[in-house]
Amino acid sequence: VDTVTHGADSPWVEHEIDYILFITIHNAKNVLTIQPDPDEVSDTQWVTRDELVQRMKKGLWSPWFRILANQWLVRPGGWWENLTE
């Protein structure tokens, strides 16, 4: 359970497999159209690694995404730094 988002006494726990798709495109805002399922995704935004790190310091984030991002995505040596490999 993500105690940062839901508190230390949260009764909620979730067991699921989730995916993150990485795409590297120059000027993607003008090239790629995203149409996520509105029942699953409330918003999308283009961000840099540093913007994501800052935004995750506040607000409500899904527990699975917070764990995945902190453990593998944005940490030093993480996936974000190795997108070109």
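**Reading burial, contacts and charge in a predicted model**

Modeller: Start with Gly 78, which is buried, with a relative accessible area of 0%. Keep in mind that this is a predicted model.

Colleague: Where is Gly 78 found?

Modeller: Gly 78 lies in the segment after α3.

Colleague: Which residues does Gly 78 touch, not counting residues up to four places away in sequence?

Modeller: Gly 78 touches Trp 72 and Leu 73.

Colleague: Let's step back. How many helices and strands are there in the chain?

Modeller: Three helices and zero strands. From the N terminus on, the order is α-α-α.

Colleague: What share of the chain do buried residues make up?

Modeller: Of the 85 residues in the chain, 16% are buried. The chain exposes about 7300 Å², and carbon and sulfur atoms supply 53% of that area.

Colleague: How should I read a nonpolar core?

Modeller: In soluble globular proteins, nonpolar side chains tend to be buried together. Here the largest nonpolar core has six residues: Leu 52, Met 56, Phe 65, Ala 69, Leu 73 and Val 74.

Colleague: Which helix gives the most to this core?

Modeller: Helix α3, residues 63–73, with three residues.

Colleague: Take one core member. What does Leu 52 touch, not counting residues up to four places away in sequence?

Modeller: Its partners are Val 47, Trp 61, Phe 65, Leu 73, Val 74 and Trp 80. Phe 65, Leu 73 and Val 74 are also listed in the core.

Colleague: And contacts over the whole chain?

Modeller: Take contacts between residues at least 6 apart in sequence; 41% of these join residues at least 24 apart.

Colleague: Which residues form a nonpolar patch on the surface?

Modeller: Phe 22, Ile 67, Trp 72, Trp 79 and Leu 83. Together they have about 440 Å² of accessible area.

Colleague: Now charge. What is the general idea?

Modeller: Side chains of opposite charge can pair when their charged atoms come close. A search of the whole structure finds one salt bridge.

Colleague: Which side chains meet in a salt bridge, and at what N to O distance?

Modeller: Those of Asp 50 and Arg 49, at 3.1 Å.

Colleague: Is Asp 50 buried or exposed?

Modeller: Asp 50 counts as exposed, at 52% relative accessibility. Arg 49 counts as partly exposed, at 23%.

Definitions and conventions: Residues are numbered from 1 along each chain as its sequence is written. This is a predicted model: local features need pLDDT of at least 70, side-chain atom pairs count only at pLDDT 80 or more; totals for chains, interfaces and linings use all residues. Side-chain values use heavy atoms; hydrogens and water are left out. A nonpolar core is a set of buried Ala, Val, Leu, Ile, Met, Phe, Trp, Tyr and Cys residues joined through side-chain atoms within 4.5 Å. Buried means under 20% relative accessible area, exposed over 50%, partly exposed in between (1.4 Å probe, protein chains only). Helices (H or I, at least four residues) and strands (E, at least two) are DSSP runs, numbered from the N terminus. Contact means heavy atoms within 4.5 Å. Patches are made of residues with over 30% relative accessible area and no salt bridge: like charges are joined within 9 Å, nonpolar side chains (Val, Leu, Ile, Met, Phe, Trp, Tyr) within 5 Å. Accessible areas come from the Shrake-Rupley method with a 1.4 Å probe; for residues, only the protein chains shown count as cover. A salt bridge is a side-chain nitrogen of Lys or Arg within 4 Å of a carboxyl oxygen of Asp or Glu.
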